[in-house]
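The sequence and the structure come next.

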Amino acid sequence: MFCSKYKKVIVSQKIKEFRHKNQLTQSQFADLFGITAQSVSKWEREECYPDITFLPVLAEAIGCMIDEFFA
């Protein structure tokens with residue numbers, strides 16, 4: 001049975017919003033964190049998500065709380 005208390009992960013939306021607001025390419029965004037542009041692309045397409053240990057760094061950098069990654 002599906003429970004409505006489960007939250008949807010919206011990391012991809014937050015990253016896209018931040019990149020577009022700051023006029024950054026995926027490569028430029030990736031360089032800020034020492035990761036690959038391919039990782040950013042996969043995150044934005046929801047093919048995978050950042051490692052959970054990376055979420056605090058990502059949240060601080062883009063100016064949101066970790067819980068904002070979940071709707």
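The buried residues of α3 are covered by elements that include α1 and α2 (26-33). Those buried residues are Val40, Ser41, Trp43 and Glu44. They lie on the same side of α3, because the arc they cover around the axis is only 160°. In general, an α-helix has 3.6 residues a turn, so residues three or four places apart point the same way. After α3 comes glutamate 46, with a positive phi near 60°.

The model is predicted. The mean pLDDT of the chain is 89, and 90% of the residues score at least 70. The table gives the two ends of the range among the elements.

| Element | Residues | Mean pLDDT |
|---|---|---|
| helix α3 (highest) | 37-44 | 96 |
| helix α4 (lowest) | 55-62 | 92 |

The largest nonpolar core has 16 residues, and Val11, Ile15, Phe29, Leu58, Ile62 and Phe69 touch the most other members. Each of α1, α2, α3 and α4 supplies at least two residues of this core. The largest share, 4 residues, comes from α4. Leaving aside residues up to four places away in sequence, leucine 58 touches Val11, Ile15, Phe29, Phe33, Pro50 and Phe69.

Histidine 20 sits in helix α1 (residues 11-21). Is histidine 20 buried or exposed? Its relative accessible area is 56%, and exposed means over 50%, so histidine 20 is exposed. Between histidine 20 and glutamate 44 the C-alpha to C-alpha distance is 12 Å, and the two are 24 residues apart in sequence. Glutamate 44 is one of the buried residues of α3.

Definitions and conventions:
Residues numbered from 1 in each chain as written. Predicted model: local features only at pLDDT ≥ 70, side-chain atom pairs only at ≥ 80, totals over all residues. Heavy atoms only, no water. pLDDT = per-residue confidence, 0-100. Buried < 20%, exposed > 50% of the residue type's maximum accessible area, 1.4 Å probe, protein only. Arc of directions from axis to C-beta. Contact = heavy atoms within 4.5 Å. Core = buried A, V, L, I, M, F, W, Y, C linked by side-chain atoms within 4.5 Å.
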